[in-house]
Amino acid sequence: MLEGEIPSSMGSLKSLRILNLANNTLSGSIPTSLSHLSNLTYLNLLGNKLNGEIPSELNSLSLLQKLDLSKNNLSGSLTLLNVELQNLETMVLSDNALTGSIPYNFCLTGSKLQQLFLARNQLSGRFPLELLNCSSIQQVDLSDNSFEGELPSSLDKLQNLTDLVLNNNSFIGSLPPEIGNISSLKSLFLFETFSQENSQWRLEGLKRLNTIYLYDNQIVWTYTKRVTNCTSLTGITSLETFFWPHSRDYR
């Protein structure tokens, strides 16, 4: 098992394409010299004891496709921009202590980003509209943060989305009916997510949806005939969620 700090001299390995130092006991900060690895396509530092801020210099790794810095003690704001990491497909920053919101210029239309995992940080603010520009994104995990406000009706811009994980935040209002236009959606994780009572929910058109978690919300889910359109559903978990079944929906 490796320990100590990542040597800055590692940045001199200019031909390096893969750097995997996962699950060691490396400490200290991420050296900015890693930004000199211009041929790097895979960087995995998960499961160490790294601290400090994520160097913004890593944005110069233009060939990078997969990045995993999860399960460390990284702090500060999110400085990595998919605008610059134009070949990035997977970004995993979960289980750190990142604060602030997702930058307004995080993503541009035409992005290749498919997986974004930011769970279990200290991120805040409204649902990041910047993500709606990541048209290729398939999996989003923003769980266990402090996001608030209403979910945007324009969520249906994410037409390739398969998994949306928002549990343990403080959103209010209703699940936008437009989410029913995301025909690719398979999993919705929304437990302990909504804090406002009497929000009216309807599931519409999610024919590929197979799992939805709703428990521990202060919501009212209007169970309508439209739920039967979700023909792939294999599980609904809704303990301590209020239901108002309307008789007119059973005709």
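The legends below describe close-up views of a predicted model.

Local features need pLDDT of at least 70, side-chain atom pairs count only at pLDDT 80 or more, and totals for chains, interfaces and linings use all residues. Residues are numbered from 1 along each chain as its sequence is written, and side-chain values use heavy atoms, without hydrogens and water.

**View 1. The open sheet of eight strands.** Strands (E, at least two residues) are DSSP runs, numbered from the N terminus. The order is β1-β3-β5-β7-β9-β11-β13-β15, with parallel pairing. Two strands pair if DSSP finds at least two bridges between them. β1 (3–5) and β15 (170–172) are the edge strands, each pairing on one side only. On average, neighbouring strands of this sheet are turned by 15 degrees against each other, direction ignored.

**View 2. The pairing of β3 with β5.** Strand β3 covers residues 25–28, and strand β5 covers residues 49–53. Two bridges join them in the parallel sense. Ser 27 stands opposite Lys 49 in β5.

**View 3. Asn 145 in its loop.** This loop runs between β12 (139–141) and β13 (146–150). Asn 145 counts as buried because its relative accessibility is 8%; buried means under 20% relative accessible area (1.4 Å probe, protein chains only).

**View 4. The surroundings of the Asn 145 side chain.** A polar atom of this side chain lies 3.3 Å from the backbone nitrogen of Asn 121. The side chain also reaches the backbone nitrogen of Leu 123, at 3.0 Å. Beyond neighbours within four places in sequence, Asn 145 has contacts (heavy atoms within 4.5 Å) with residues including Leu 118, Arg 120, Asn 168 and Asn 169.

Definitions and conventions:
Helix = DSSP H or I, 4+ residues; strand = E, 2+ residues; numbered from the N terminus. Buried < 20%, exposed > 50% of the residue type's maximum accessible area, 1.4 Å probe, protein only. Polar contact = N/O pair within 3.5 Å; in protein donor to acceptor, adjacent residues only side chain to side chain. Axes fitted to C-alpha atoms, helices over the stretch in contact; angles between N-to-C directions.
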